[in-house]
Amino acid sequence: MHFSMVRTIFTKDLRDAIRDARVLVAILVPLGIGIFYSFIFDDGDPTTPTATVVYAAADQTVLPDALRNAIGDVVRVELRQVGSAAEVEAEVRGEDADVGFVVPAGFDAALGAGERPALTVSLPDDPMIGAQYVAGAFEPAVRSMAGQEFPVDIQQSTAVQAVEDESVFERLGLRTYMILVSILFLTAMIAMLVVPVILAEEAEKKTLDALVLVASYADVIVGKALVGVAYIAVSVGIMLALTTLSIAEIPMFIAAIFVTAVTLIGLGLIMAGFFKNANQLNTWSGVFLIPVIGPAFVVGAEFGGVTDAVLLALPSSQAMRLITDAASGESIFGGSWLSFLVIAAWGAAAYAVVSWQLSRRQA
Amino acid sequence: MAQTVLARPESDGKTVGHGSDMRGVTGASGTPMIVVRDLRKRYGETQAVDGISFEVAAGEVFGLLGHNGAGKTTTIRMLTGRTKPSSGSAAIAGLDVVSDRDRLKPLINLVFEDQNLYERFSGRDNLRIFAELYGASSGRVDELLTLVNLMDGAKKPVKTYSTGMKQRLLIARALVNKPRVLFLDEPTRGLDPTSARDLRELVANLSAGGTTVFLTTHYMEEADELCHRVAFLSRGTIVALDTPRELKLRFGERTAKVLLRDRTEATIRLDDPADAERLAGWVRADQILTMHSQEGTLEDVFINLAGRPL
């Protein structure tokens, strides 16, 4: 191999490929999807119910604080004061709030004096679980304001789910998970669409013949593979910057992306050998890309049996496991060495096929 | 149209290349630059090239003529090291095209039949890429742009070039390493007459400068004008190989075109006794106004040998 020739081919393709609309789209689409996911998904605990509560108070009252104390962290409450009872009614009717209440003048004093002041609580026709819980929390709240002991000392214990029993989505957060899937999608698109398109175009327009008059096929292949690695490095960096996703184990993340990129580029180079031109490849690449990218989306789910075994044997599933662990800094999946081994085995097989294709081309 | 390819390319005898090892390089006067011995190539059931042998001297313009599928491109692919022969051998400048391929690369170049340029790059960038690959100096790029009169359009993307401009750029690219042997695969196909004439002039200049030129073409007049020797390839074998003049004399028909007093025209085959008798009768009767003798054309020779025209 001639390193100066590899460098020339690499530099040429680095400049040329980005001017190709097909290449640009293949990079921008997964990048856009990742940014879109970062906006629409949230990493918060999706199992905690929420409730928006509005209230109107004629004078100072501690009821909102007492209510918040009574609810604790069972429901995530957004508590907001409005100007009048009519506004409270309107917000609940308009479904802008889940619960509303109106505190009359002198409510706290009356309660302290042992009187039974009126308290109006508004709920929609079909309240959500969070709203129902808030409604039920008024009694302990006002009892505490009145200085009354609750008739029963309920010892409440929470059955905390063991960390290892939590799903990947719960431990990682849905936003982070979906951005990581997008990063793998981006890597696969560059490796298995951009790189093959560059090579197929070179063969189709017969510029490859001119290149191999001076360079070897291996020089050309390595030059193009490096272009793929460079585009993946830059694009993943841009994705991380735009989504502000922080990675806990950066060296492991880089290693996982690198090994995955090199392996998928090998698969992409095989694809390039099957198609006669870049447009044909652009049309049919989805058939190859879907089985590669698909497993990355479901790696967090547990199917059991054969499906899990198949997922474990795929490079994209193992790559997703690696970057998930690297991003979280935890051993959510574990078995990193096995993951690296599976990906590397796919890479070795892919480049063996590429070598065979090259030897046939030279014959 | 302005003369485009007029400059005589330099011929300092040095080939550009990455550490080009010149051991085994021959081709000084009297020594063949290309030696082909019983070269064969089979693709599955198809025998593309079937035992061809020939030699080409240094500085010679050698033409390989034949129908589509006759084996011309396969022969060039083997000689340029892009396809391995099934059997036989070929050497250029003393270097085997298979085992010495890496050493051979700096010594040869090829003007492809297809205009295989990087269309999104400028003409200058196209040359710069190949100058880097061959290890040539950046000054070589400007030299070549001047040689093929493309300096004005050097910064424009190649996709905006005319066919003639692209062909000139292809030629410049093939000269980037100052090759000892230049292969040209149908170099004037699709060119306008002026560009074709300019290209022929460049080939003549290269040959005069000592570059060996190996040419394939469909145009018999072009081969007749340019080539010192031509070989006719038919179904993978060489059916004739000699100088165009000798081939025409050996295989062509000597004819005479006669205009008679009654304004009728006739073509007389001089080697045909019946035609000769007819001619003698016209002479005796003083019926001939004008008469022009003609030697056979390469086209005739090819039809005679291959059975059908190119």
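A quick word on terms before the tour: axes here are lines fitted to C-alpha atoms, for helices over the stretch in contact, and angles run from 0 to 180 degrees between N-to-C directions. With that in hand, helix α6 (residues 193-208) of chain B lies across β3 (61-66), β7 and β8 (212-217) of chain B, at about 150 degrees to β8(B). What you're looking at is a predicted model, where local features need pLDDT of at least 70, side-chain atom pairs count only at pLDDT 80 or more, and totals for chains, interfaces and linings use all residues. Residues are numbered from 1 along each chain as its sequence is written, while chains are lettered from A and ligands numbered from 1 in the order in which they are written.

**Chain B at a glance**

- Chain B has ten helices and 13 strands; helices (H or I, at least four residues) and strands (E, at least two) are DSSP runs, numbered from the N terminus.
- Out of 310 residues in chain B, 42% count as buried. That label needs 20 or more other C-beta atoms within 10 Å of the residue's own, while 12 or fewer makes it exposed and anything in between partly exposed, with C-beta atoms placed from the backbone.
- Take the contacts in chain B with a separation of 6 or more: 71% of them come from residues 24 or more positions apart. A contact here is two residues whose C-beta atoms, placed from the backbone, lie within 7 Å.

**The six-stranded sheet of chain B**

- This open sheet runs in the order β6-β7-β8-β3-β9-β10 (chain B), and its pairing is mixed. Two strands pair if DSSP finds at least two bridges between them.
- At the edges sit β6 and β10 (237-242) of chain B, each pairing on one side only.
- Neighbouring strands of the sheet are turned by 20 degrees against each other on average, direction ignored.
- Strand β6 (residues 108-111) of chain B is covered on both faces, with I108(B) and L110(B) buried on one side and N109(B) and V111(B) buried on the other.
- Four bridges link β6(B) to strand β7 (residues 181-185) of chain B in the parallel sense, and I108(B) has V181(B) as its bridge partner in β7(B).
- Strand β9 (residues 229-234) of chain B runs antiparallel to β10(B), joined by five bridges. L233(B) has I238(B) as its bridge partner in β10(B).
- Helix α5(B) packs on the sheet and touches β6 and β7 of chain B, its direction making about 175 degrees with that of β6(B).

**The three-stranded sheet of chain B**

- Another open sheet has the order β12-β11-β13 (chain B), with antiparallel pairing.
- Its edge strands are β12 (265-269) and β13 (288-294) of chain B, each pairing on one side only.
- From one strand to the next, the twist averages 20 degrees.
- Six bridges hold the antiparallel pairing of strand β11 (residues 255-260) of chain B with β13(B), and L260(B) stands opposite I288(B) in β13(B).
- Helix α9 (residues 273-284) of chain B packs on this sheet, touching β11, β12 and β13 of chain B, with its direction about 130 degrees from that of β12(B).

**Helix α3 of chain B**

- Helix α3 (residues 123-134) of chain B has twelve residues and reaches 17 Å from its first C-alpha to its last, close to the 16 Å expected; the expected span is 1.5 Å times one less than the number of residues.
- Ten of the twelve residues in α3(B) are buried, among them R124(B), L127(B), F130(B) and Y134(B).
- The cover over those buried residues includes α1 of chain A, plus α4 (139-147) and α5 (163-174) of chain B.

**Where the chains meet**

- The contact takes 18 residues from chain A and 17 residues from chain B.
- On the chain A side, α1 (3-17) and α10 (207-211) each give two or more residues, and α1(A) gives the largest share, five residues.

**Chain A**

- Chain A is divided into domain 1 (3-43 + 173-362) and domain 2 (50-145), with bounds from an automatic or database domain assignment. The C-alpha centres of these two domains lie 54 Å apart.
- R171(A) is found in helix α8 (residues 168-172) of chain A. R171(A) counts as partly exposed because 16 other C-beta atoms lie within 10 Å.
- R171(A) and D43(A) are 128 residues apart in sequence and 9.2 Å apart in space, C-alpha to C-alpha.
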